[in-house]
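Subject: Structure handover

Hi there,

Here is the structure I promised to pass on to you. Please have it open while you read my notes below.

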Amino acid sequence: MLGTKILVYLDQFQGAALPASWETLGAAELLAQKIDGEILALAVGKGAQVVAVQAFQYGAGQVFYADDGSLADYRPEPYVSLLVKLVQDQQVDILLLPTTTRGRELAAMAAIDLGSGVMPDVIGLDLQDGKVIVTRPVYAGKLLAKAVCNARPQIMTTRSRAFNRPQADASRSGTPVQLAPVMPESEIATK
């Protein structure tokens, strides 16, 4: 799986990343080490550039952000349109989102648009025969199930506190790439 691209959606609010976002970046780092993958990150909304700059310190190799007036307030359609376009443009193999309200909603909507599926509430990641095997709780956490997604991209949401938050390394830095908003098809049709 050499050259595998892993995209992490960083859930943030007005320039402050939710802790689950950094934990998801930590999960991506564990996975990237196993598959020699490249970690990309995306932050969207008001203050996204602040979070995008911080993402380099938490292990992202390439970071994108969109901070436009039309994205200041969370609306799932423009957020997912931007996310899906980035997944397609960058040929992302694995999409990781934190299991937050926004993360769950965006994962489900992205799966529909990308023709994939979602593996929610992931608490463990492994690799077997070139495929990512996830561990997730089922039956209200009474059992753990292992699953694999054969569709591409593989979309997963990571459960809060299941993965360690990486230590910020101030020596790591970079310049994030600003993205223009993408108008959702539902809004194009009404114009």
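In which strand is Met156 found? Met156 belongs to strand β11, residues 154-158. Helices (H or I, at least four residues) and strands (E, at least two) are DSSP runs, numbered from the N terminus.

Before I go on, a word on the source. This is a predicted model, where local features need pLDDT of at least 70, side-chain atom pairs count only at pLDDT 80 or more, and totals for chains, interfaces and linings use all residues. Residues are numbered from 1 along each chain as its sequence is written, and side-chain values use heavy atoms, with hydrogens and water left out.

Back to Met156: this residue is buried, with a relative accessible area of 0%. Buried here means under 20% relative accessible area, exposed over 50%, and partly exposed in between, with a 1.4 Å probe and protein chains only. Leaving aside neighbours within four places in sequence, Met156 is in contact (heavy atoms within 4.5 Å) with Ile94, Leu95, Leu96, Leu97, Met119, Val122, Leu125, Val132 and Val134.

Strand β11 is part of an open sheet of 7 strands, in the order β7-β11-β6-β1-β4-β5-β12, with parallel pairing. Its edge strands are β7 (118-122) and β12 (177-178), each of which pairs on one side only. Two strands are taken to pair if DSSP finds at least two bridges between them. At the β12 end, β5 (residues 62-66) pairs with β12 in the parallel sense over 2 bridges, and Phe64 stands opposite Val177.

Strand β9 (residues 131-138) has antiparallel pairings with β8 and with β10. With β8 (residues 124-128) there are 5 bridges, and Leu127 stands opposite Val132. That hairpin has 2 residues between its strands, and Asp129 takes a positive phi near 50°.

On the β10 side (residues 143-148), the pairing runs over 6 bridges, with Pro137 opposite Leu144. Here the hairpin has 4 residues between the strands, and Tyr139 in the turn has a positive phi of about 50°.

Thr135 is also found in β9 and is buried, at a relative accessible area of 14%. Beyond its neighbours within four places in sequence, Thr135 touches Asp121, Val122, Ile123, Gly124, Leu144, Ala145 and Lys146.

The chain as a whole

The chain has 5 helices and 12 strands. Its radius of gyration is 16 Å, close to the 16 Å that the globule rule gives for 191 residues, so the chain is as compact as a globular protein of that length. That radius is taken over C-alpha atoms, and the rule is 2.2 Å times the number of residues to the power 0.38. The C-alpha trace spans about 45 × 45 × 30 Å along its principal axes.

Of the 191 residues, 48% count as buried. Among contacts between residues at least 6 apart in sequence, 70% join residues at least 24 apart.

Best wishes
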